[in-house]
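Here is a short briefing for a first look at this structure. Start with the display, then read the points by topic.

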Amino acid sequence: LFPEPKHARVVNARLANGAISISASDWLHPTDRPVRGNTVCLYVSGGSADETRSLFDKLSRDAEVTNPLQQQPFGLYGALNDAFGVRWMFHAVSS
């Protein structure tokens with residue numbers, strides 16, 4: 001069971017279309033103060049490495065890139081906080 005303060009929160013939502021999916025969940029970095037936009041994390045996975053790179057590049061404009069998009073042992077991964085403070089994480093299995 002979740003603690004009482006978490007009962008009114010969205011734990012996770014997922015949209016899928018073919019190989020690409022977008023998941024959303026509550027998120028707030030422990031040292032951040034909640035402001036509009038920074039209390040959710042969007043996770044984009046699937047699709048090709050080229051599609052992932054293209055989306056990452058577009059969303060990284062005016063963003064704080066916290067993890068540059070690069071190959072990891074588990075696939076291509078990167079993360080950023082966009083211009084509105086929304087957290088995005090990206091993952092593609094292919095390189």
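The points below go from the overall layout to the helix and then to a surface patch.

This is a predicted model. The protein chain holds 1 helix and 6 strands. Along the sequence, their order is β-β-β-α-β-β-β.

**Chain as a whole**
- The protein chain has 95 residues, and 26% of them count as buried.
- Take the contacts with a separation of 6 or more: 33% of them are between residues 24 or more positions apart.

**Helix α1**
- Helix α1 covers residues 49–59, and its buried residues are Ala 49, Thr 52 and Phe 56.
- Viewed down the axis of α1, these buried residues fall within an arc of 60 degrees, so they line one face of the helix.
- An α-helix has 3.6 residues a turn, so residues three or four places apart point the same way.
- Asp 50 and Lys 58 are exposed, on the face of α1 turned away from its buried side.

**Nonpolar surface patch**
- Leu 15, Ile 20 and Ile 22 make a nonpolar surface patch of about 260 Å².
- Ile 20 lies in strand β2, which spans residues 20–26.
- Is Ile 20 buried or partly exposed? Ile 20 has a relative accessible area of 33%, so it counts as partly exposed. Patch residues need over 30%.

Definitions and conventions:
Residues are numbered from 1 along each chain as its sequence is written. This is a predicted model: local features need pLDDT of at least 70, side-chain atom pairs count only at pLDDT 80 or more; totals for chains, interfaces and linings use all residues. Side-chain values use heavy atoms; hydrogens and water are left out. Patches are made of residues with over 30% relative accessible area and no salt bridge: like charges are joined within 9 Å, nonpolar side chains (Val, Leu, Ile, Met, Phe, Trp, Tyr) within 5 Å. Accessible areas come from the Shrake-Rupley method with a 1.4 Å probe; for residues, only the protein chains shown count as cover. A salt bridge is a side-chain nitrogen of Lys or Arg within 4 Å of a carboxyl oxygen of Asp or Glu. Helices (H or I, at least four residues) and strands (E, at least two) are DSSP runs, numbered from the N terminus. Buried means under 20% relative accessible area, exposed over 50%, partly exposed in between (1.4 Å probe, protein chains only). The arc is that of the directions from the helix axis to the C-beta atoms. Contact means heavy atoms within 4.5 Å.
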